[in-house]
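Trainee: Hi! Could you walk me through this one while I have it open?

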Amino acid sequence: MAFVNLQNLTYKYQFTKTPVLQNINLQIQEGEFVSVVGPNGAGKSTLCYALAGFVPHFFKGEISGSIEVAGVESSKSTLDEWVMNVGLAFQNPFNQISGAKYTVFEEIAFGLENTGVPRDEIKVRVDEALRLTDITELADRSPYSLSGGQQQRVALTSILVMQPKLLVLDEPTSQMDPIGTREVFSVIRKMAEGGMTVVMVEHKMEWIANFADRVIALKDGQILLEGKPNEVLTSDLLAENGFGLSRYTSTAREAKKQGLWKKENLPVTLDEAVKGFKK
Amino acid sequence: MHERLSFYVKRDSIIHGLNPLTKVYLTLALILIIFTSPWYWTPHLLVLIAIIPLGLIGKVGAEFFKTAIRLILPAAGFLFLMQAFFQPLGEDVIFKFYFLDVTQESMMFAFRNAMRVFVMVSAFAFLLLTTHPSELMSDLTRRGLPGQFAYVIISTLQILPQMQAKAQTIIAAQRSRGLDTESSFLKRMGLLIPLIGPLVFGSLAEVEERAIAIEARGFTSKRTRTTLHQIPDTKFDTTLRGVLILLVILSIALNLWLS
């Protein structure tokens, strides 16, 4: 049995005409790191909300099909219990700061306080989470005094500290510099190796190719393609459907047309491109 | 961006170490006593035996006197002048100012009221200077105040300065596109319209995201909440609160008995 199981999931928001998600069938194994790519309006965020329980418990709309995580059916659960298993962090870090706390340390402890974790354990877990994402030195700062990238790290840490079984991330590195992005990706990779299941919406193709186990390409609410990162991210289907390719893939694609790229497979990352052009 | 709507000054003092509720009691007790005590000199005496010592014990003397000079004294002084001049009390005219008579009674009356205002505002100033808002709220939550209510108070204190900063950004953005902000008053009133739109609607849209974010962190969890910081509540606090309640009752009783 897959850890995450979506069966024929179709969802339409109250005020949209066409369904945002159409007939999604998706199985994810425990500890798998899955990345979701797709153009704007493909339904990526809605998929995240569906996994995190906000569809259908928070947004009202028409839903059919089933969402199952860790053997529990979403429609039979409540949002406050669902979030104990599934953590969600999204793009805009500013709106993810609770506003109820004056320091980063307290901010990260917020979720643990809400869910009744004993005081001593809160301190241990927050310290551990701060070390994990390497923001220990921000602990005493006001969350509002941080840069966008730092706030995103705090938002991610605030969810990681709750130790969800399924971690859903909607563009968690959009405001980070390349070093920050690399660190976040490797932390998430580490979490996945520790058994956490990860679903991550991301545009940074090189990073996906380096870190994710599987890629799902979403377009107009349907799964267009899924498979190994290198296969999916270099596929012609993606290029034809308006997906943003990595700069190395686009370059090699053009080079192939000119006969300069001799290999069968196109590269996604710099390393692959360098190797391919050398031969 | 770093500003927040809080007067709290972090110090290590006996007052800071008191339970937040005790400090609320202290503030309310001072206010109730100055308004109910039948004795004329009560507010004046309290300034000497309560307000000034509290400032020194709480190690917020400097901050307090700065606030007092800039804010509380001018307000109390203004009240004093208004009442001294316009209160038609008594016959014992001290001096005339054109057509206005200032009597000894109106002076006394005005002096007491000014002192009352001084004590009242000072008492609140102490509460704010020595009590961290989130500490007060988590203590009240522990005593049964709904978590949602505490959240609304604290997040408002934090988000208002953020909105202020955002308003500045919007104004700057609109000025850079040629919006006139330095002309006549009426024209600038018109300027508020293009500001309010983005500010208000933008904030409304943010509410949904923020709701999702705190919901994802178990905000509506039915489990019993815990708190990160242990808030002190000693025997001394309980005793002090009892004494304060007794003093207030005494003051009210004396007032009723003597009237």
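Trainee: In which sense do β6(A) and β7(A) pair, and over how many bridges?

Mentor: β6(A) and β7(A) pair in the parallel sense, over four bridges. Strands are DSSP runs of E, at least two residues long, and helices are runs of H or I, at least four residues long, both numbered from the N terminus. Two strands pair if DSSP finds at least two bridges between them. Before we go on, this is a predicted model: local features need pLDDT of at least 70, side-chain atom pairs count only at pLDDT 80 or more, and totals for chains, interfaces and linings use all residues. Residues are numbered from 1 along each chain as its sequence is written, while chains are lettered from A and ligands numbered from 1 in the order in which they are written.

Trainee: Which residue of β7(A) is the bridge partner of L88(A)?

Mentor: That is V168(A). β7(A) is also joined to β8(A), residues 197-201, by five bridges, and these two run parallel. There, L167(A) stands opposite V198(A).

Trainee: Is β7(A) enclosed or open?

Mentor: Largely enclosed by the rest of the structure, because five of its five residues (166-170) are buried. Buried here means that 20 or more other C-beta atoms, placed from the backbone, lie within 10 Å of the residue's own; 12 or fewer is exposed, and in between is partly exposed.

Trainee: Which residues sit on each side of β7(A)?

Mentor: L166(A), V168(A) and D170(A) are on one side, with L167(A) and L169(A) on the other, and all are buried. In a regular strand, side chains alternate between the two faces of the sheet.

Trainee: New topic: how many residues of chain A are in contact with chain B?

Mentor: 34 residues of chain A are in contact with 31 of chain B. Contact means C-beta atoms, placed from the backbone, within 7 Å.

Trainee: Which element gives the largest share on the chain A side?

Mentor: α4(A), with six residues.

Trainee: And over in chain B, at what angle do α2(B) and α9(B) pack?

Mentor: At about 15°, with their axes 9 Å apart. Axes are lines fitted to C-alpha atoms, for helices over the stretch in contact, and angles run from 0 to 180 degrees between N-to-C directions. The two helices are therefore roughly parallel, a label for angles under 35 degrees.

Trainee: Last one: how many residues of α1(A) are buried?

Mentor: Eight of its nine, residues 44-52 being the helix. α1(A) is followed by G53(A), whose phi is positive, near 90°.

Definitions and conventions:
Contact = placed C-beta atoms within 7 Å. Parallel < 35°, antiparallel > 145°, perpendicular 65-115°, else oblique.
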